[in-house]
Amino acid sequence: MSVTALDTRKPASTTPPAGPTDQQVQQYLRTGLRNRWWAVLPSRFVETGGKPLGIMRLGEKLVLWRDSRGEIHVQADRCPHRAVPLSRGINEGDRLRCNYHGVEVGPDGKVLSVPGQPGCPLEGKKAVKTYPSREISGAIFVWFGDALHEEAGAFEPPAEISAPDYSSFLCYADWEMPWRYAFDNLMDPMHGTFLHANSHTMYQGDTQAHFVTRDTDHGFFFEKSGQRDVNFDWSELVDNGALYVRLEIPYPPSGGPGGNFGITGFGTPIDEDRMCVFFWRTRKVSGWQRDTWRFLYKTNLEKRHWHVLEQDREMLDGLKPGLEKFEMLYQHDAGVIRLRRYLAQQARQQLADLQAAGKM
């Protein structure tokens, strides 16, 4: 008697996969949104023909180097041979040479030479990930795309750091906190009235205020109703290929001639617990007023601005993800709440797209 074996395989499911969970969304956000340009380092840190520099951004290890013409290159910090850091190698002017076994990698990620075995199949192979990069107003920006968006998207830098009728200074620092806390801080104008009350630019204005939100094409304003050009009265979240916050604070007469003092703030995750901040301090000035502003800033104002920034850093230093469960927010926090919802929506969509394409 023959026995027919039973097919115990489960039939293919026709039910579409569930969308990303809240836990997946929050975990994904801990190292930043993809498909954006992120500031990674001031340009001055990487010298033409100098030693390659290894850093971590968005949880990814990168090597930055300039060729003999001064052009910046950003690549995965990993030799394709034995996976040791290329940042410990040598800049040959048009390529990086790994110190471990001499493997040479070009700026496009192709292996140019394997001295230990000429003709090795590794030669000519594009084996090192290369990131699109550009330099804007003294900082190196890198495109971090997901598996569906490896080609760089468009990004028009804000006028405050790129237009000729503005003057700016870049402030850079590493902070021991998750990146989203810095964005929360920027979207919370009311903290200026309290934390920075002794600042020469933020001592005026009501300690009570009603806030409203106002949509824009690429984000939203969070602003005090009925108060303008008095204190830290508004913030604007912008997401137009890069994620950043704009704000303005009026200057007293001691600040010299020109318009309001502006801050254009970018904050980039290093990993889940650390970040780096890029604050361009800006002013719309030209001619002799530009020269006066720049002189006053370097001789008198810069120290004060670093003091204000240090107050923010000290308040947020050492915070860890997940503290939201202990918060009891109120109306002044509407900008923070909306920011968090926006970021979660963006992350959820990215994860859903990856899931639908079978890339998760």
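**Pro 42 and its strand**

I started at Pro 42, which stands opposite Ala 139 in strand β11. I'm working with a predicted model, where local features need pLDDT of at least 70 and side-chain atom pairs count only at pLDDT 80 or more, while totals for chains, interfaces and linings use all residues. Residues are numbered from 1 along each chain as its sequence is written, and side-chain values use heavy atoms, with hydrogens and water left out.

Next I looked up how β1 and β11 (residues 139-144) run: they pair in the antiparallel sense, over six bridges. Strands pair if DSSP finds at least two bridges between them. I also noted that strands are DSSP runs of E with at least two residues, helices are runs of H or I with at least four, and both are numbered from the N terminus.

Is β1 open or enclosed? Seven of the seven residues of β1 (residues 36-42) are buried, so this strand is largely enclosed by the rest of the structure. Buried means under 20% relative accessible area, using a 1.4 Å probe and protein chains only. A reminder to myself: side chains in a regular strand alternate between the two faces of the sheet.

**Arg 34**

I then stepped back to Arg 34, in the loop between α1 (22-29) and β1. Arg 34 counts as buried because its relative accessibility is 11%.

What does its side chain reach? A polar atom of the Arg 34 side chain lies 3.0 Å from the backbone oxygen of Thr 31, and the backbone oxygen of Leu 58 also lies 3.0 Å from a polar atom of that side chain. Leaving aside neighbours within four places in sequence, I found Arg 34 in contact (heavy atoms within 4.5 Å) with residues including Tyr 28, Glu 60, Phe 144 and Gln 350.

**The largest pocket**

I looked up the largest pocket last, and its volume is about 540 Å³. Which elements give two or more residues to its lining? They are α3 (179-186), α4 (191-195), α5 (287-316) and α6 (334-356).

I got 20 lining residues, with Asn 185, Asp 188, His 191, Leu 316 and Asp 333 nearest the centre. By class, the lining has eleven nonpolar, three polar and six charged residues.

**His 191**

I picked out His 191, which lies in helix α4. His 191 is buried, with a relative accessible area of 12%. A polar atom of its side chain lies 3.4 Å from the backbone oxygen of Asn 185. I also checked His 191 against Phe 261: they are 70 residues apart along the chain, and their C-alpha atoms are separated by 17 Å.

Methods:
Buried means under 20% relative accessible area, exposed over 50%, partly exposed in between (1.4 Å probe, protein chains only). A polar contact is a pair of N or O atoms within 3.5 Å; within protein, one must be able to donate a hydrogen and the other to accept it, and residues adjacent in sequence count only if both atoms are side-chain atoms. On a 1 Å grid over the protein atoms alone, a cavity is a set of points where a 1.4 Å probe fits but cannot get out, and a pocket is an open set with protein on both sides within 12 Å along at least five of seven lines; lining residues have an atom within 4 Å of a point. Grid points are joined across faces, edges and corners, and a volume is the space filled by probe spheres set on the points. Ala, Val, Leu, Ile, Met, Phe, Trp, Tyr, Cys and Pro count as nonpolar, Asp, Glu, Lys and Arg as charged, and the others, Gly among them, as polar.
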